[in-house]
Amino acid sequence: MKKKALISILGILILMLGGTLLLPLGIAILYGSREEIPAFLWAIGSCVAVGSFASIACRGCHRDLGAREGFAVVGLGWAVLSAFGALPFYLALDGFSFLDAYFETISGFTTTGASVITDIEALPKGLLFWRSFTHWLGGMGIVVLTVAILPFLGAGGYQMLRAEVPGPTADKLAPRIAQTATILWIVYFVLTAVETLLLWPAMGLFDASCHAFGTMATGGYSTKNASLAQFDSVYIDSVVTVFMLLAGANFVLHYRALIGKGFSHQKDSEFRFYVCIILIAIVVITGFLLWGEFPDREIHGEKYDGIGSCFRYASFQVASIVTTTGYVTADFDRWPNVCRVLLIALMVFGGCAGSTGGGVKCIRVLTLFKYGLREIKRLVRPHAVIPLKIGGQTIDRQVVARVMGYLSLYLVVFLIAVFLMAAILGANPADGREHNHAEQSLETENSALLTAFGSVLATIGNIGPGLGGVGPLENYRDIPSSGKCLLILLMLLGRLEIYAVVVVLVPLTWRR
């Protein structure tokens, strides 16, 4: 492990973070929101001091990075940057612990959208903007942005890109890896700008920008306590739904369409699978919302009066969950059980490889499905040579092995995390909420178990809202500190697809 190279690049990343903090500082000054300005100045000063020292002390050591250094930069980079990014929250908000500030920031950078802030609308404008901007920085990837801006990283940039870009493989769109990173960020910026312009007339420039950040990053932080349900607008829901679906698709396909190489989305097997599961889910959920009886109908019956209204809420929530964005316009935790189970499945599926979405990715689910079918065929014809094909192309054995390895590791991590969270909430049986003596026992235990399952699924999938005590109308403020630490680790594991974090934790990585 080239530790000096690692420190040098981490120093550069911290300096870049200090530069990005100038934007929310400018927003605070523009809106006359003075209370958070000292916090931003302290945070910027800390980034400049620490980043300069690290990069200068180890200058010239960042070339020829290997796979270990690439994974270490990404794994440690996100953890370290979140610590510096948490300073504005910690310094500006009274009674806000550093753990809560770190949780809020890493939830933003990993595009999870799990919040510990109970009154979002009470935040000053600068902090609100920074909260949403962390989504946008983390969506396409902080390290990918660094590779795009700093081409002198050379071959080491590919190792960093491969460790951060989600999916089994990392596509190179140009001969130089810095050009690939630049292309991805340009597409990302253009789509964000278009969505902002479309939302501007309906909600104002500030809210439009913040929600566009959350949409294209598939993050889900809103400037309103009730999320997008606050606006209750068919137009806003429609625009955000379309852009959530675009954000959940492979950005390589968008790039090819933007440069005039034709609309190749329909030729991509993963994209077709992605669209199919979305359409099926929308149709099924619309039907159950229209004809079923469920708790949310008793509270908000007017939402589900006609097929158009049911389709609106079903399509928005399906898009929000499958892309792991996490915006809400209805309390889906009070929908029929069939709908909730289907949404849980979509949480696991996630978006496409090369998107900003979380989850295990549709290409891995499709590969698993094809692999299962092939094994059934081999049982019938044991001597036949049956290649694994997706979209008419044979999938390399190494890619299949990586997919199966990832899915196995994902399942193991998920089960262990649910066990640990259940134990943590079991030690705090009220799962952070007051109950009288009669409400405890079985009902409380079931609620804690559902909260444990929902919080783990929502954080490792980078979704945000889960089930039970962390449902769409709740937040993570009352999760015990040990539980928050576990969820922080899960958010990192989910965003960096486990390997980049595990590599950092393995002692072999740090040996010469």
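This is a predicted model: local features need pLDDT of at least 70, side-chain atom pairs count only at pLDDT 80 or more; totals for chains, interfaces and linings use all residues.
Now look at the rings themselves. A pair of aromatic rings is described by the distance of the centres and the angle of the planes. The structure holds 23 aromatic pairs. For Phe133 and Trp136, the ring centres are 5.8 Å apart and the planes meet at 20°, so this pair is stacked; planes under 30 degrees apart count as stacked. The two residues also belong to one aromatic cluster, whose members include Tyr31, Phe129, Trp130, Trp185 and Phe251.

Tyr31 has a charged neighbour to look for. Lys125 lies over the face of Tyr31, at 5.5 Å from the ring centre.

Another member of the aromatic cluster, Phe251, takes us to helix α13, residues 251-258. Here Phe251, Val252, Leu253, His254 and Tyr255 are buried. At the start of α13, look for Asn250: a side-chain oxygen of Asn250 comes within 2.9 Å of the backbone nitrogen of Val252. Just after the helix, Gly260 has a positive phi of about 90°.

That brings us to backbone angles. Most residues other than glycine have a negative phi, and most peptide bonds are trans. Which threonines have a positive phi here? Thr218 is one of them, with a phi near 50°, and Thr324 is another, with a phi of about 60°. You will find Thr218 in the loop between α11 (205-216) and α12 (234-247), while Thr324 is in the loop between α16 (307-322) and α17 (337-349). Is Thr218 buried or exposed? Thr218 counts as buried because its relative accessibility is 0%. Thr324, with a relative accessible area of 0%, is buried too.

A further threonine is worth a visit. Thr112 lies in the loop between α6 (98-109) and α7, and its relative accessibility of 0% means that Thr112 counts as buried. Which side chain does Thr112 contact? A polar contact of 3.0 Å joins the side chain of Thr112 to that of Asn462.

Finally, turn to the empty space. Rolling a probe the size of a water molecule over the atoms shows where empty space is left. The second largest pocket has a volume of about 540 Å³. Of the 37 residues lining this pocket, the closest to its centre are Asn225, Ser227, Val328, Pro472 and Glu474. The lining residues divide into 14 nonpolar, 16 polar and 7 charged.

Let us end on Asn225. This residue lies in the loop between α11 and α12, and Asn225 is partly exposed, with a relative accessible area of 40%. How far apart are Asn225 and Leu473, in sequence and in space? Along the chain they are 248 residues apart, yet from C-alpha to C-alpha the distance is 9.0 Å.

Note on methods. Residues are numbered from 1 along each chain as its sequence is written. Side-chain values use heavy atoms; hydrogens and water are left out. Rings of Phe, Tyr and Trp (its six-membered ring) pair if their centres lie within 6.5 Å; planes under 30 degrees apart count as stacked, over 60 as edge-to-face and the rest as tilted. A charge sits over a ring if NZ of Lys or CZ of Arg is within 6 Å of the ring centre and within 35 degrees of the ring normal. On a 1 Å grid over the protein atoms alone, a cavity is a set of points where a 1.4 Å probe fits but cannot get out, and a pocket is an open set with protein on both sides within 12 Å along at least five of seven lines; lining residues have an atom within 4 Å of a point. Grid points are joined across faces, edges and corners, and a volume is the space filled by probe spheres set on the points. Ala, Val, Leu, Ile, Met, Phe, Trp, Tyr, Cys and Pro count as nonpolar, Asp, Glu, Lys and Arg as charged, and the others, Gly among them, as polar. Buried means under 20% relative accessible area, exposed over 50%, partly exposed in between (1.4 Å probe, protein chains only). Helices (H or I, at least four residues) and strands (E, at least two) are DSSP runs, numbered from the N terminus. A polar contact is a pair of N or O atoms within 3.5 Å; within protein, one must be able to donate a hydrogen and the other to accept it, and residues adjacent in sequence count only if both atoms are side-chain atoms.
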